[in-house]
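Me: I have a structure open and would like to learn how to read it. Where do I begin?

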Amino acid sequence: MTINKPVKCGTLESNDIFVMLAPNENGIVIELESVVEKQFGAHIKNVIEEKLKEMGIVSVLVKAQDKGALDYTIRARIEGAVKRSY
């Protein structure tokens, strides 16, 4: 399954993540900006990628701006954005 139109979900508030999903032809590409990128950047990208694969998404461009979101928030924002793309 792929994303057919650009969608967004989340806020730029503390402890949240703002994600934008857009169609992409080259698999899953994640662009991350985070206040904790040095410590947790790889983990955040892994959580995003796992949730996308769990939902059957194989090709998407993800632009994420993280403000210290916990894993369950990241998963919820990705799920919300994917569901908005239908």
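**Strands and their partners**

Reply: Begin with a pair of strands: strand 2 (residues 17–22) and strand 4 run antiparallel and are joined by six bridges. Strands pair if DSSP finds at least two bridges between them. Helices (H or I, at least four residues) and strands (E, at least two) are DSSP runs, numbered from the N terminus. This is a predicted model, in which local features need pLDDT of at least 70 and side-chain atom pairs count only at pLDDT 80 or more, while totals for chains, interfaces and linings use all residues. Residues are numbered from 1 along each chain as its sequence is written, and side-chain values use heavy atoms, with hydrogens and water left out.

Me: Which residue of strand 4 is the bridge partner of M20?

Reply: The partner of M20 is K63.

Me: How many bridges join strand 3 to strand 4, and do they run parallel or antiparallel?

Reply: Seven bridges join strand 3 (residues 28–34) to strand 4, and the two run parallel. In this pairing, L32 stands opposite A64 in strand 4. In a regular strand the side chains alternate between the two faces of the sheet.

Me: Is strand 4 largely enclosed or open?

Reply: Burial is judged by relative accessible area: buried means under 20%, exposed over 50%, partly exposed in between (1.4 Å probe, protein chains only). Five of the seven residues of strand 4 (residues 60–66) are buried, so the strand is largely enclosed by the rest of the structure.

Me: What does the radius of gyration say about the protein?

Reply: The radius is taken over C-alpha atoms, and the globule rule is 2.2 Å times the number of residues to the power 0.38. For 86 residues a compact globule would have a radius near 12 Å, and the protein has 12 Å, which agrees. The C-alpha atoms fill a box of roughly 30 × 20 × 20 Å along the principal axes. Of the 86 residues, 38% count as buried.

Me: What do contacts tell me about the chain?

Reply: Contact means heavy atoms within 4.5 Å. Among contacts between residues at least 6 apart in sequence, 75% join residues at least 24 apart. Take M1, in the segment before strand 1 (7–9). Leaving aside neighbours within four places in sequence, M1 is in contact with M55, G56, I57, V58, S59, V82 and Y86. M1 is partly exposed, with a relative accessible area of 45%.

Me: Where is N15, and what is its phi?

Reply: Most residues other than glycine have a negative phi, and most peptide bonds are trans. N15, in the loop between strand 1 and strand 2, has a phi near 65°, a positive value in a residue other than glycine. N15 is exposed, with a relative accessible area of 52%.

Me: Which residues does T73 touch?

Reply: Not counting residues up to four places away in sequence, T73 touches N15, D16 and I17. T73 is found in helix 2 (residues 71–84) and counts as buried, at 13% relative accessibility.

Me: Is A42 buried or exposed?

Reply: A42, in helix 1 (residues 37–54), is exposed, with a relative accessible area of 66%. The C-alpha atoms of A42 and L32 are separated by 9.6 Å, and the two residues are ten apart along the chain.
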